[in-house]
Every structure is written in structure tokens, then in C-alpha cells.
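Some notes follow on the model you sent. They are grouped by region, and each point can be checked against the coordinates.

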Amino acid sequence: LVKSQQGYGNMSGFKEQRNGASKDATGNSAPGGISTAIPGMAETFQLIKDKVSAAGSGSILKRHSGAADIVFVRHGDAKQGKLVYYCSDFHVHVGRDSKLGQTLTGITVEIFVNETKTSLSMKIQEDHRCMFEGGNLKPTPQQIAEVGKLLKSGRNSVRYQVLGEKALFEIRAFIYLWNSTDKVVVCDIDGTVTRSDFLGYSAHLLGYEYTHDGVTDVLNYLHEAGYRILFLTARPITIADRTRDFLQAVGVSARDDGSQSLARMLGLHTSDTVLGLPPGAMITTAERWVPALLIGLSSDGPRKFKTSVLQEIKSLFGNRQCFAGGFGNRSTDSSAYRAAGISVSRIFLVDDNSKVYVGKMEGESQYSSYASLCERLPTLFPPVLSDAYQHDTAPRGNGSSKFSHEGHQEISTEDIEKAFSLFSHEDREDEPEGGRRARAGRSLPSSGRRPPQQDRAVRDDDDEEEQEQEQEQEQEQEQE
């Protein structure tokens, strides 16, 4: 582009030649020009110029950027107005190829929660990690309280907006608000949700399912039973967005007969499930590809990483035992879960053939598949008192359980009684009028159904008075 500008003087002269006309030394139009000699070249140069201009004014590539989800834990009683919040580290990484146009070190990153701008801001460091003031990964207690007031129970959006003279883009993730009394179930991704540590993610990119059959049923039961789900993976933070897309897409590819048929022709296992995964916080490593790969390949790297994350999450609950169970596929997963205080009887490891072991992979498997484990879940994980299921209702975009609570509204005791009264009266259609009226007045309010109108003319005064009272009650109920 620079050479072309030198050859043609300036871009204005270059634009004048786009239609195939140039000027000679006398200023007269001369036929020909670069666009005549090479068709489309002028448009190509203009496109390059527009892209460079856009890069200089704010449109910067954001590949290899990512952020892990954040967990907030709420302590105290909301009715008394005494609430205290604790949060996990804010891990944000800005891609190295984002340097186009300027150096990003020192640039401010503003933070929006549920699309509301907060007072929180971070600075990009030389290694492209983002830090709060003083080099911290957590905001101040006052800032944590500010964010806590903006959160609803369950999943919330967080947006990191990178600002600078020549840099403007955003990185997105989620904040999950849990209560200090909640129970958490930890789930690995590669080899646990997918059937392989390496092929599961690649299969998703190719458009077919390579997940364990029944894993979505297990996790959806736990979510609906009130447990919080924590997805813990040693994947690099630079593919955090793609990992979220993968989790949301589980069950989607299974609905595509074309991609599934192609996978079967290639002899690959395909999942038949069309049930999506429930919402859950996803925490990755804070490393880029190569360091994360070294962690994953080392013998003790995954255990150390997952142990440190689980200890941090546990500290948010006041170091009480908040973990109810864990799912993985390696002995390192089992070691990390045990170090976090999870009972061995609630640690489940799955092999490449979808057989599930309890505690460790030795001897014969206790369950032939996730499906067989589902039958025991009500005993292993009884429902707990939590608002996890009620409030985690953000659209998943990947299908949902048939027991969906989208649009759930609280039902009062009076509503239940009225509904029960309606059905009970319909079921006792043949019951004598007097007995039916007495039963309704004794236990449940009237359903609004008029009594039979037979022999109205011969009723005595008492019956007429009673009928008028019933009609008045019916009118009041209809108005309500």
C-alpha cells in the first residue's frame, strides 16, 4: 500500500484511477490505469486501506483472548440486610495478536456486569494478563460488594471492555452467584463429558457428538436437584470462549442427522442424546496453549491445578465442606477431589468405554454406564434446599431438560387448594348435592361450579338463602 501511494502520489489520485482513467502531465485524462491493467486491483487496495484504517481506529483482532468464569458466594441474611460476598480470581487474558496498531501494556480494561458499568477496572500487563490495582486478581471488598448487588442468583454476564487509542474490543464470560449453604458438584470436561481427552473437542469442531451417553442426564438431574455445577478443565484460557460454545452445543449435533451419519460412516462413536448440559461455572487454567499443554501432559500438573482451584472455591464458603461429589476420568481427578474433602464414595471416574468407577479405576466397574448410574442418583445425591434450579434459567441454546422451569412462578397455598377443589368436585359429579356442598365448606373453598338447578321452585327458604350465599361466594372468587 505504501509503495502504491509513492507511485501514484497520494490516495486521492489513486481513487481517481479506480475507474480506469489516469491523467497525463498536462492534466488531461488518459486511458488505462492500474484497474484497467489488472482488473479488481484498485478495489483490493482500497479494501486493504479500509482494514488498516479500521485497525487504527478501534477494530482489533481478538483471537487468543479469553476469561474464566467467576464464582461469587453470598453469606448472611438478605432480609436483615447483612450480606457479605466473596469471589474467586478474575482471570482475563488479552491475545498477543491484539498488538496490531499499538502496544497494549498498561491499557485500561473496564468491567460491565449484566451490561451495567461498574467502578472496577484492570490493567493489561506485559505478559497480557489483566490485573487489578496492586497486581491483584481480586477487586477490593468494597468493589466486590458493589458487584454483588448487581447479581441475581445463578448465572450473570460479565464483559471486559479493552479501551485505548487504537484498541477497542471486549471479552465475555459469566459470574455465578451461589449461596453459602449451596452444595457443589465438580465435573471435568475432557474424557468425562467427552469420550476422549483429545478427540472430544476435535469432534465438536467437525460437527458430531463424541460425548458419553447419559452424561447430560446425570448433570441435569444434579442441577434440578439443587446442586451447583462447576466445570473444571485444564484447557488454556485462550480457548475459553470456544469451550463454552462446546458445552452449549452438546446435544445439538446429535439432532443433525447429516453430521451423525457421516461420523457413523467413518466408524466413530456418536452420541444419541439431544439433552443439553445445565448451566455451570467453567474455570480453565490461566495459561496460554503451550504452558497449558505442559500442565495437561505432566504427571502431577492437573492434580495441582485442580486442587488449587477447589481450595480457592472452598475458601469462599468459609472453608466448610461445600463439595457434594466429583466426576472425572483420571486418578489425578480423584486425588484432587479427595484433597478438597470429597468423600471417596462420591467420586466417579469414567473410562473410554463409558464404564463408571467409584473412587478409583481398579477392578470391575460399579456402573456399566452413566445411564445405570442415573438410577442410583436419588439415593447418592438426594435433593437439597437451593435456588439453583429456580434461578439458573438463562437460555442455553442447546436444548433443555423436559422438566424445564423457564417462566416459573411461585404458587400459593390458596391456589393449590382451589385447583384441588376443582378436580375433587369434578371427580364427585355423582355425589349428592348436600354432601358435596358440606364437604366443600368443611375443607376447601368452592370451585366456582354452580350446583344443579333441579327442583328450584320447591326449595324452602333455608335452601334459597344458602344458595344465595354460595352465589355471592362464587362471584367474589370469580372477581379474585
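Predicted model: local features only at pLDDT ≥ 70, side-chain atom pairs only at ≥ 80, totals over all residues.

1. Which residue in E8 is the bridge partner of Val109? The partner is Met122.

2. The pairing of E7 and E8 is antiparallel and comprises 5 bridges. The two strands form a hairpin, with 2 residues between them. Asn114 sits in the turn and has a positive phi of about 50°.

3. E7 (residues 108-113) also pairs with strand E10 (residues 154-163), again through 5 bridges and in the antiparallel sense. Within this pairing, Glu110 has Gln161 of E10 as its bridge partner. Is E7 largely enclosed or open to solvent, and why? It is largely enclosed by the rest of the structure, because 5 of its 6 residues are buried.

4. Ser121 belongs to strand E8, which spans residues 116-124. Its relative accessible area is 35%, so Ser121 counts as partly exposed, the band for that class lying between 20% and 50%. Leaving aside neighbours within four places in sequence, Ser121 is in contact with Thr108, Val109 and Phe132. Ile111 is 10 residues from Ser121 in sequence, and their C-alpha atoms are 5.9 Å apart.

5. Leu349 stands opposite Tyr357 of E17.

6. Ser354 lies in the loop between E16 and E17. Is Ser354 buried or exposed? Its relative accessible area is 7%, and therefore Ser354 is buried, the cut-off being under 20%. The side chains of Ser354 and His212 are joined by a polar contact of 2.7 Å. Not counting residues up to four places away in sequence, Ser354 touches Arg195, His212, Ser368, Ser369 and Tyr370.

7. How are H11 and helix H12 (residues 331-339) arranged relative to one another? They pack at an angle of about 30°, and their axes are 9 Å apart. H11 is therefore roughly parallel to H12, since angles under 35 degrees count as such. The crossing is right-handed. On the H11 side the residues that meet H12 are Pro302, Arg303, Lys306, Thr307, Leu310 and Gln311. Their counterparts in H12 are Thr332, Asp333, Ser335, Ala336, Tyr337 and Ala339. As background for reading such a list, an α-helix has 3.6 residues a turn, so residues three or four places apart point the same way.

8. Helix H7 (residues 215-224) is mostly covered, with 7 of its 10 residues buried. These are Val215, Thr216, Val218, Leu219, Asn220, Leu222 and His223. After H7 comes Gly226, which has a positive phi near 105°.

Definitions and conventions:
Residues numbered from 1 in each chain as written. Heavy atoms only, no water. Helix = DSSP H or I, 4+ residues; strand = E, 2+ residues; numbered from the N terminus. Buried < 20%, exposed > 50% of the residue type's maximum accessible area, 1.4 Å probe, protein only. Contact = heavy atoms within 4.5 Å. Pairing = 2+ DSSP bridges. Polar contact = N/O pair within 3.5 Å; in protein donor to acceptor, adjacent residues only side chain to side chain. Axes fitted to C-alpha atoms, helices over the stretch in contact; angles between N-to-C directions. Parallel < 35°, antiparallel > 145°, perpendicular 65-115°, else oblique. Left-handed = near helix turned anticlockwise from the far one by under 90°.
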